[in-house]
Amino acid sequence: MGKVMLEVKELTTKYVTRFNEDVYAVDHVSLKIEEGKSLGIAGESGCGKSTLALSLMGYYFSPLHYTSGDIIIDGVNISGMKPDEVRKSILGNEIAYIPQAAMNALNPTQKIIRFVEDVIHAHDPKKSKKEIYDMAVERFKVLGLPPEVLQRHAVELSGGMKQRTVIAISTILSPKVLIADEPSSALDVTSQKMVIKMMRELMEKGFIKSMIFITHELPLLYNVTDDIMVMYAGQIVEKGSAKEMVFDPVHPYSKGLMGSIIVPEAGTREVKLEAIPGTPPNLKNPPDGCRFAARCKYAKLECRTYDVPEKEFRDGRMYRCIHDVEYLKEVYGRDE
Amino acid sequence: MSEKMSENKVTIKKGDSVLKGVGITRVFGYGKSRNVAVDKVDFDFHAGEVISIVGESGSGKTTIAKMILGLIGVTEGEMYYNGQPRDISSHKKKKEYWQGIQAVFQDPFSSFNIFNKIDDLLIDCINLMGMKHKSQEEKVEMMTEACSFVNLKYAELTNKYPFELSGGQMQRLMIARIFLMKPKILIADEPTSMVDACSRATILDMLLKLRDEIDMTIIFITHDIGLAYYVSDTVYIMEHGKFVESGSAESVIITPQAAYTKRLISDVPKIHEEWDLSTV
């Protein structure tokens, strides 16, 4: 077992609306990532994927508030830190974050090298410009980006190039955890592949120690990450290795998600797409019991009354459903 | 007015050619900035067929869609609608043309007038179909039927504004509009690229159900090859304004011939085959 890079214990965070209502978008989430591993987070829009990413950084600003739980990065608990402290000592060198439209974050009036200087100066104000430039050129070369990019402005670069540049800049301090929130969904397939290839290289060359990859595009997740976690209404409903999750999902919700995968491969045309009926619950007042019960084909009366705990049934496999694995397998087999 | 129009309508059977283009070309700009967006393309779409036009950003997919819709002019070439040369020279004729051809766009929020309530948006469709004279009760009945087709409840939507709905609901409302209009041809320009995989399945299901019900021709404009493979009968692959390959979905996507198609397909992440990252 490798060294644990990131450990999250029962993390709960909430949004406070302007009417002072609490919305728990991340509800008692626990996860663990070892060195050299990557974790994918999948789920519908609004299930709390992006909120979890923001919460993991420990950098809270209104309306997002920390409620309880621990975030431990390489042995250091950051959950109680003040935002200023987090920005100075955690962001960039311990944990890095790439938002979806990261490429739009580049100020068009500045050359790319200025952003690199910004990142490094936030942690080490004494470093000279020459040192930073050499460091950036070296890192860009290793990642297959032309070093000339450093002297360009953002508007001179294509979308895919900008995205790769942003990734290179945000990982320049070799963070322990990289959180990528839909880093490639605004790009076409070829640029997407280049971004993914670069992220793989970052992992292989040890520039980042571990990665959390968030997307709703399951075939992509399957190809990029070691493990996949499915979120629903702020909770984790299933966790397992990528292969097991795609080909052998246990939770009815994961089963539904995997049923919506479309890939251009022979024979997949005949398989009927399964859409999950209904919409996710409103988290302002989440339903009692299992949150998926209202949309679940296999829900029983008990599902709506008792809270379902996370159940571990095999090494590293966990799910949150009242039914046994054997029962679920049987009903899936019957339905097919 | 409605009776007059129905008289003029040509009856088309499943499999007949509904829209045909010969040597369609569109040029933007002139002189140094002359840019040929669509370069002498030919196509023939049949009734009840599902077609996908696949290509990367900037390949000219949306330009073709706009020309088919009659939103922009055709620089060169002829378009035939229901077997006759298309005539959209006057506003009246355009209106008539749009009764048979409709579109769903990528961003549902930009397709609605934000100052109009949902009811008005749907009533507009009914009016455009030449049913302005119908009573309010009949209109409400039609709207209720359309909403229930897309699993929405009319009673919950009435008196609401577009921004009060979620993206998935809006996209389904777009389909409700199509249900009311019952066009012969539907152009779906990236209809699912803003929604997650789950809502994508719902929306595709609804569109295909609609196709079966009214023998509508659907033209998907997309960069998602998986989607093209799943829904379409015929696939056209587009590169730099030209069709580089076309044919049945099975033949084009499973056994691609053109180098461009091969590259495009190899760039999509798959789950049964190895995804080769070394090719970029």
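## Chain A: contacts and fold

Take the contacts in chain A between residues at least 6 apart in sequence: 64% of them join residues at least 24 apart (a contact means C-beta atoms, placed from the backbone, within 7 Å). This is a predicted model, where local features need pLDDT of at least 70, side-chain atom pairs count only at pLDDT 80 or more, and totals for chains, interfaces and linings use all residues. Residues are numbered from 1 along each chain as its sequence is written, while chains are lettered from A and ligands numbered from 1 in the order in which they are written.

Chain A has 10 helices and 12 strands (DSSP runs numbered from the N terminus: H or I of at least four residues for helices, E of at least two for strands). Its C-alpha atoms fill a box of roughly 65 × 50 × 40 Å along the principal axes.

## Helices 3 and 4 of chain A

The axes of helix 3 (residues 112-123) and helix 4 (residues 129-142) of chain A come within 10 Å and cross at roughly 110°. Angles of 65 to 115 degrees count as roughly perpendicular, so that's what this pair is.

On the helix 3 side sit A:Ile113, A:Val116, A:Glu117 and A:Ile120, meeting A:Lys129, A:Ile132, A:Tyr133 and A:Ala136 of helix 4. That contact splits into 6 nonpolar, no polar and 2 charged residues.

## Confidence

The model scores ipTM 0.81 and pTM 0.86. Chain B averages a pLDDT of 87 (the predictor's confidence in each residue, from 0 to 100), with 96% of the residues at 70 or above. Over residues 1-8 of chain B, though, pLDDT stays under 50, and the model has 5 contacts beyond four places in sequence for them.

How values were computed: Axes fitted to C-alpha atoms, helices over the stretch in contact; angles between N-to-C directions. Parallel < 35°, antiparallel > 145°, perpendicular 65-115°, else oblique. Contact = placed C-beta atoms within 7 Å. Nonpolar A, V, L, I, M, F, W, Y, C, P; charged D, E, K, R; others polar.
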